[in-house]
Amino acid sequence: MIKDEPADFPLIKRDTVFNGRIWDVREETFQFGDQELTRDYLVHPGAVGVIALNDLGQMLLVQQYRRSLGKMMWEPPAGLLDVAGEDPLDAAKRELQEETGYLASDWRVLFDFAPSAGGSTEQIRCYLATGLELHEDGRPEATGEEAGMKVQWTPVAEVMEAIHTGAISNSLLITGTFALLAAMADPDAIVRDGDAPWVARES
């Protein structure tokens, strides 16, 4: 089986060239064979996402404003791992309830991925959540871009059509939808326990 492997090339110099509200930009110079290379990359806390599926074959999606692209984008519920010491599964449960007002009784890991490995440390774990029910208090009051955020149950077939036509472009929604289809075809080959080790992030 193929496997990503750690690689440790000698570090020559490291500087933080930008300190942001959520992430920083780091510059590193390192020895790569007989070359001395300098690269910049985003230092990211990581994130979790949730593909929430009901018994009717509908996915629970949110529409959120993304300033960087100037768009209202359809996405799965998701959020940063920016609470110190919080378990990723607990973070996913929190984000689902905060963004949609829903709870799930069954949690599985769909996949782990690095969405931009060429320039960011970000690692994302995507969960499959089923057994959905609305929290008795509904969705908490939200602030920022989440204020007034639209929440909608959308058939998987409709999401696939939107992917096919290029109408949606959120990376987590696209990868999560294809992983969901694979899991529906062969769950044992795709999904893992909700508390499965997150090897990529731990290393």
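The model is a predicted one, in which local features need pLDDT of at least 70 and side-chain atom pairs count only at pLDDT 80 or more, while totals for chains, interfaces and linings use all residues. Residues are numbered from 1 along each chain as its sequence is written, and side-chain values use heavy atoms, with hydrogens and water left out.

Entry on Glu75. I looked up Glu75 and found its place in strand 6 (residues 71-75), where strands (E, at least two residues) and helices (H or I, at least four) are DSSP runs numbered from the N terminus. Glu75 counts as buried because its relative accessibility is 5%. I then asked which side chain makes a polar contact with the side chain of Glu75. The partner is Arg66, at 2.8 Å; a polar contact here is a pair of N or O atoms within 3.5 Å, of which, within protein, one must be able to donate a hydrogen and the other to accept it, and residues adjacent in sequence count only if both atoms are side-chain atoms. Leaving out residues up to four places away in sequence, Glu75 touches Leu61, Val62, Gln64, Arg66, Asn170 and Leu173, contact meaning heavy atoms within 4.5 Å.

Entry on Asn54. I placed Asn54 in the loop between strand 4 (47-52) and strand 5 (58-66), and noted that it counts as buried at 17% relative accessibility. The side chain of Asn54 makes a polar contact with the side chain of Gln58, at 2.8 Å.

Entry on Gly79. I found Gly79 in strand 7 (residues 78-80), and with 13% relative accessibility Gly79 counts as buried. Not counting residues up to four places away in sequence, Gly79 touches Ala47, Val48 and Glu95.

Entry on Arg139. I located Arg139 in the loop between strand 9 (124-134) and strand 10 (150-155), and recorded it as partly exposed, with a relative accessible area of 25%. From Arg139 to Tyr102 I read 7.4 Å, C-alpha to C-alpha, for a separation of 37 residues in sequence. The residues that Arg139 touches, not counting those up to four places away in sequence, are Gln97, Glu98, Glu99, Thr100, Gly101, Glu146, Met149 and Val151.

Entry on Ala114. I saw that Ala114 lies in the loop between strand 8 (102-113) and strand 9, and that at 36% relative accessibility it counts as partly exposed. With neighbours within four places in sequence left aside, Ala114 is in contact with Glu122 and Gln123.

Entry on helices 2 and 3. How do the axes of helix 2 (residues 156-165) and helix 3 (residues 171-185) cross, and within what distance do they come? They come within 11 Å and cross at roughly 130°, axes being lines fitted to C-alpha atoms over the stretch in contact and angles running from 0 to 180 degrees between N-to-C directions. That makes helix 2 oblique to helix 3, since angles under 35 degrees count as roughly parallel, over 145 as roughly antiparallel, 65 to 115 as roughly perpendicular and the rest as oblique. I listed the residues that make the contact: Val156, Val159, Met160 and Ile163 of helix 2, and Leu173, Ile174, Thr177, Phe178, Leu180 and Leu181 of helix 3.

Entry on Leu181. With neighbours within four places in sequence left aside, Leu181 is in contact with Val156 and Met160.

How values were computed
Buried < 20%, exposed > 50% of the residue type's maximum accessible area, 1.4 Å probe, protein only.
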